[in-house]
Amino acid sequence: MAIALVSAAHNSASSSSVVVSQPVGGWASGNILVAVACANSGAGPGPVPSTPAGWTLIDSDGTDSGGASMYHVCGGSEPASYTFSSSGAGHIAACVVEYSGQDASSPINAHTKHVGTSNTATYNSVTTTVNGCQVILGLAIASATRAPTSTTPSGSSLEATDGA
């Protein structure tokens, strides 16, 4: 079975935590949820958001952008929402995408990250070691001085965003 996007949900809040609600018909048993969360202290990047119970941290960038990526394999009963928190954050955003058809026992085959402070993001290459992988780009921007903007890289499709 090919990997397929099932749902996407996102939210942001001017507080130290944000709730991302389950979309209608989403979060089915055996599917994988991948989240990117980013916190801002009001003066720049905030403390990295914590990983909710039952989730596994993929990677974080320390406090360079206040961002972290994580995943969760859905069980038979999922809650109506997940809360992402960062102590000391003045604003936090999280985006959760759900995929079906992945290897639930080892859902993350490879990952990479790039941390930068310029106005232009560059992306590191990632090499998978098995066929049929879904490549996901998660972008976290924390800025106290300007409204962030981004452009979807050529050859990619935008599946979820929280532009707040």
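Predicted model: local features only at pLDDT ≥ 70, side-chain atom pairs only at ≥ 80, totals over all residues.
In strand 5, Met70 is the bridge partner of Leu57. Strand 4 and strand 5 run antiparallel to each other and are paired over four bridges. On strand 5 there is also Tyr71, which stands opposite Val34. Strand 3 and strand 5 are joined by seven bridges, again in the antiparallel sense. Strand 5 covers residues 67-73 and is mostly covered, with six of its seven residues buried.

These pairings belong to an open sheet of five strands, in the order 1-7-3-5-4, with antiparallel pairing. Strand 1 (4-13) and strand 4 are the edge strands, each pairing on one side only. Averaged over the sheet and ignoring direction, neighbouring strands are turned by 15 degrees against each other. At the strand 1 end of the order, nine bridges join strand 1 to strand 7, and the two run antiparallel. Ser12 has Ala93 of strand 7 as its bridge partner.

The nonpolar residues come next. The largest nonpolar core has 19 residues, and Leu33, Trp55, Phe84 and Val96 touch the most other members. At least two residues of this core come from each of strand 1, strand 2, strand 3, strand 5, strand 6 and strand 7. Strand 3 gives the largest share, four residues. Leaving out residues up to four places away in sequence, Val96 touches Ser7, Ala8, Ala9, Val20, Trp27, Leu33, Val34, Ala35, Trp55 and Phe84. Another core, of six residues, lies apart from the largest one and has Ile32, Val34, Ile58 and Tyr71 among its members. Two of these, Val34 and Tyr71, are the residues that stand opposite each other in the pairing described above.

Trp27 sits in the loop between strand 2 (17-21) and strand 3 (32-40), while Tyr82 is in strand 6 (residues 81-85), so the pair ties together parts that are 55 residues apart in sequence. Trp27 has a relative accessible area of 5%, which means it is buried. Tyr82, at 10% relative accessibility, also counts as buried because the cut-off is under 20%.

Tyr82 has a second ring partner in Trp55. Here the ring centres are 5.2 Å apart and the planes stand at 85 degrees, so the pair is edge-to-face. Since Trp55 lies in the loop between strand 3 and strand 4 (56-60) and Tyr82 in strand 6, this pair ties together parts that are 27 residues apart in sequence. Trp55 is buried, as is Tyr82. Taken together, ring pairs link Trp27, Trp55, Tyr82 and Phe84 into a cluster. Of these four, Trp55 and Phe84 were named above among the core residues that touch the most other members.

The backbone at Trp27 has a further feature. Most residues other than glycine have a negative phi. The phi of Trp27, however, is positive, near 60 degrees. This residue is found in the loop between strand 2 and strand 3.

Gln102 is in the segment after strand 7 (91-100). With a relative accessibility of 14%, Gln102 counts as buried. A polar atom of the Gln102 side chain lies 2.7 Å from the backbone oxygen of Gly30. Besides Gly30, Gln102 is in contact with Ile3, Asn31, Ile32 and Pro107, when neighbours within four places in sequence are left aside.

Ser50 is placed in the loop between strand 3 and strand 4. Its relative accessibility is 39%, so Ser50 counts as partly exposed. Not counting residues up to four places away in sequence, Ser50 touches Met70 and Ser85. The C-alpha atoms of Ser50 and Met70 are separated by 9.7 Å, and the two residues are 20 residues apart along the chain. Met70 is the residue of strand 5 with which this account began, as the bridge partner of Leu57.

Note on methods:
Residues numbered from 1 in each chain as written. Heavy atoms only, no water. Buried < 20%, exposed > 50% of the residue type's maximum accessible area, 1.4 Å probe, protein only. Phe/Tyr/Trp six-rings, centres within 6.5 Å; stacked < 30°, edge-to-face > 60°. Polar contact = N/O pair within 3.5 Å; in protein donor to acceptor, adjacent residues only side chain to side chain. Contact = heavy atoms within 4.5 Å. Pairing = 2+ DSSP bridges. Axes fitted to C-alpha atoms, helices over the stretch in contact; angles between N-to-C directions. Core = buried A, V, L, I, M, F, W, Y, C linked by side-chain atoms within 4.5 Å.
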